[in-house]
There are 2 protein chains.
Amino acid sequence: MATINDNYLKLKAGYLFPEIARRVSAFSEANPEASIIKLGIGDVTEPLPAACCEAMKQAVEEMSDRATFKGYGPEQGYLWLREKIATQDFQARGCDIDASEIFISDGSKCDTGNILDIFGHDNTIAVTDPVYPVYVDTNVMAGNTGSAQDGGTYEGLVYLPISADNDFTAALPQQKVDLIYLCFPNNPTGAVATRDYLKTWVDYARANDAIIFFDAAYEAFITDPDIPHSIYEIEGARDCAIEFRSFSKNAGFTGTRCALTVVPKSLKAKANDGSTVDLWPLWNRRQSTKFNGVSYVVQRGAEAVYSDAGQAQVKQLISFYLENARIIREKLTAAGFTVYGGVNAPYIWLKTPDNLSSWDFFDKLLHNCHVVGTPGAGFGAAGEGYFRISAFNSRANVDDAMRRITEKFKA
Amino acid sequence: MATINDNYLKLKAGYLFPEIARRVSAFSEANPEASIIKLGIGDVTEPLPAACCEAMKQAVEEMSDRATFKGYGPEQGYLWLREKIATQDFQARGCDIDASEIFISDGSKCDTGNILDIFGHDNTIAVTDPVYPVYVDTNVMAGNTGSAQDGGTYEGLVYLPISADNDFTAALPQQKVDLIYLCFPNNPTGAVATRDYLKTWVDYARANDAIIFFDAAYEAFITDPDIPHSIYEIEGARDCAIEFRSFSKNAGFTGTRCALTVVPKSLKAKANDGSTVDLWPLWNRRQSTKFNGVSYVVQRGAEAVYSDAGQAQVKQLISFYLENARIIREKLTAAGFTVYGGVNAPYIWLKTPDNLSSWDFFDKLLHNCHVVGTPGAGFGAAGEGYFRISAFNSRANVDDAMRRITEKFKA
């Protein structure tokens, strides 16, 4: 009989967000009159920038005419898009990143999982705790961990706790690790990394021949000019870091699907025979063989983000969500909550009141306020006692949610 | 130091189509005046159906308005699309397939690779020879094979030769296998499978608890009413087959990106402890964790394929390419070539003349006729001495290519 990948059986429960959806749907069916405000999953709510829509319509038009029709595109993405990204997102910030090192994909979630395809199973892997669950689950599925343990961790992974005690910035691991996931601005805590802090990681990675997976999906929310947007702003990062970016959170592409992964040509890792191998050709081969590029229409939409109009519209979107974040911080603080994040990030990370467990607070918020957030425990054992509120919603919904929460939980 | 997935180092040369692109580009640079006609890679040339374009423009319009904007969709695809597929592609042909068993993805190439994620590494895997290279390469990358051997095969895979001797329909394997790749209408040979022939495979798979990966990407080209379009037209296939379909070749979505994979809930395989496990939840978990669904705009385009207008337009596209195939068959036969396929399929499979190797014939065709095809050896050792010509092009280009070939190679 055909055998399955047994590693899947190690996975605990469902993936976080489907579980939230299940509870919300059950509540909603039992209470059809309840008007539920969703500040849970980090999904955007505002329309696509007009520049993107115009570009996409134009692209559909091209697809309807034989002379301008586009079939298979390059698996790596169209060069006109990769060049704009290289120039405006990286070179303009002093990062030495070339268009050929940028791979367009249909999502950072996909790529942070897929990247493991090109690495061995014997690497020691570090994640923060709490952490975006996809990093952990994809390692479990790939067979890079042992079994699930009590308390929600997996054997074999190195967990780096982040909490208010260390300003949500993990200390360097005590032991030598080979692969390190970092996400800044952080999901779920909303913390940011200073230049000096990132430099300690780049120095660590170079000293230990480790590779950093740097998830910069939320970089557009950085307003503080001293905070780096890319890990490549740190000297030496070209030799030790892969960066993931997305159009989901800057231009609202969560339902449109476009992202990018930067694999510098200078990155190296080790083969079984001890020789040193370039990573770029491996990722290029992976993408050429297992991927067929992103929809032409969508790539044209992403390109429009880099036009003057697109840049202005994205800035407006970000400002709008950041003002939501400011309101959430202010109202929750006034209601007596202890809150973190939400300044250079769209997430507010709060301590649950009365030492409630994070799922109990989830249920209480859903049942009493009809507001959905994300339980901290869903992001890892050290997320217990915390709760994530997302700033992605309309102003009216944010105001309404804060009014409901303030009423029920006033200090 | 971080280690790589050493299996990548077993891969021989580049993936077939990039290698073709490289040779064409080199020739083109050296001969900028040459007008090259591409009948190589199976890429469509005609515009998207008008119904699809209209639906996509409408969807972009929805994305520009907060009230109709769509963020993250279901990872499995929107139900309105999955239901139309279930009804019109499967239930209308008597297949007992439910919408919940259909997973929308961005490509069959991706899915035929990704499906290996949920299977163990100890399965015995059968492929035909020649075969679509992605099936083999993704198994190499996943560590399901040994090393490359002289003659272009990989240790550990079971190769089932297909040739004119067996009407390009592989015999059942002599040994017990666990996973079997079948593709009908076949890429690259253009052969089709009768109901009786498919039944021998379904019976084999059920008797041996094997899983068939059935690639039906070219089903739209079947005009013979006796040829099944889906493996689920065969009794018992629900218990042993996963089917891959694509909008690339029926509606010209090669650059638009939409496909689907059918994983029946009745499929089972074995865990390490000997217990039997359902495959559907594993694939659902894989897609939920490593994928974020297909662009809303693209799914609306795919849905339009199922409208009356869409169906009529797709039929017209298919008839157009099949008439190209008929012309190619006729002209090549008249020029003295021995040809196969091209009746219920968009590919013509020819014997190279004068016992030329397939890459030599590729170069000769490129240099003498400025026509690009695909060397049979690129599809496996047993493809040596054969050559694939695709019917995907304009009528003018097909006519011109046939004129050039007839002049240079007349019998």
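This is a predicted model: local features need pLDDT of at least 70, side-chain atom pairs count only at pLDDT 80 or more; totals for chains, interfaces and linings use all residues.

**Stop 1: the interface**

Colour chain A and chain B separately and show what touches. The contact takes 86 residues from chain B and 86 residues from chain A. Together the chains bury about 7300 Å², with 58% of that on carbon and sulfur atoms. On the chain B side, select B:Met1, B:Tyr72 and B:Arg285: these lose the most area to chain A, together 12% of what that side buries.

Now for the polar side of things. Between chain B and chain A there are 46 residue pairs in polar contact, counting pairs with both residues at pLDDT 80 or more. Sorted by class, the side of chain B that touches chain A has 35 nonpolar, 26 polar and 25 charged residues.

**Stop 2: salt bridges across the chains**

The structure holds 56 salt bridges over all chains, and the count between chain B and chain A is 8. Zoom in on B:Arg285 again, this time with A:Asp137: their side chains meet in a salt bridge at 2.9 Å, N to O. This pair runs from helix H7 of chain B to helix H5 (residues 133–141) of chain A. Next, pick A:Arg66 and B:Glu46, whose side chains also form a salt bridge, at 3.0 Å from N to O.

**Stop 3: the seven-stranded sheet of chain A**

Hide chain B for now. In chain A, 7 strands form an open sheet with mixed pairing, in the order S2-S8-S7-S6-S5-S3-S4. Strand S2 (102–105) and strand S4 (157–161) are the edges; each has a single partner strand, so one side of each is left without a neighbour in the sheet. From one strand to the next, the twist averages 20°.

Select 179–183 and 211–215 in chain A. These are strands S5 and S6, which run parallel and are joined by 5 bridges. A:Ile180 stands opposite A:Ile212 in S6(A).

**Stop 4: the four-stranded sheet of chain A**

Move along to an open sheet of 4 strands, ordered S11-S12-S15-S14, with antiparallel pairing. Its edges are strand S11 (339–341) and strand S14 (374–375), each with a single partner strand, so one side of each has no neighbour in the sheet. Strand S12 (residues 347–351) and strand S15 (residues 386–390) of chain A pair over 5 bridges; look for A:Lys351 and its bridge partner A:Tyr386. Helix H10 (residues 358–369) lies across S12, S14 and S15 of chain A, at about 45° to S15(A).

**Stop 5**

Where are the cis peptide bonds to look at? One joins A:Asp129 and A:Pro130, with omega about 5°; A:Pro130 is in the loop between strand S3 (125–129) and H5 of chain A. Bring chain B back for another, between B:Asn187 and B:Pro188, where omega is about 15°. B:Pro188 lies in the loop between strand S5 (179–183) and helix H6 (195–207) of chain B.

Conventions: Residues are numbered from 1 along each chain as its sequence is written. Chains are lettered from A and ligands numbered from 1 in the order in which they are written. Side-chain values use heavy atoms; hydrogens and water are left out. Contact means heavy atoms within 4.5 Å. Buried area is the accessible area (1.4 Å probe) that two parts lose on being put together, summed over both. A salt bridge is a side-chain nitrogen of Lys or Arg within 4 Å of a carboxyl oxygen of Asp or Glu. A polar contact is a pair of N or O atoms within 3.5 Å; within protein, one must be able to donate a hydrogen and the other to accept it, and residues adjacent in sequence count only if both atoms are side-chain atoms. Ala, Val, Leu, Ile, Met, Phe, Trp, Tyr, Cys and Pro count as nonpolar, Asp, Glu, Lys and Arg as charged, and the others, Gly among them, as polar. Two strands pair if DSSP finds at least two bridges between them. Helices (H or I, at least four residues) and strands (E, at least two) are DSSP runs, numbered from the N terminus. Axes are lines fitted to C-alpha atoms, for helices over the stretch in contact, and angles run from 0 to 180 degrees between N-to-C directions.
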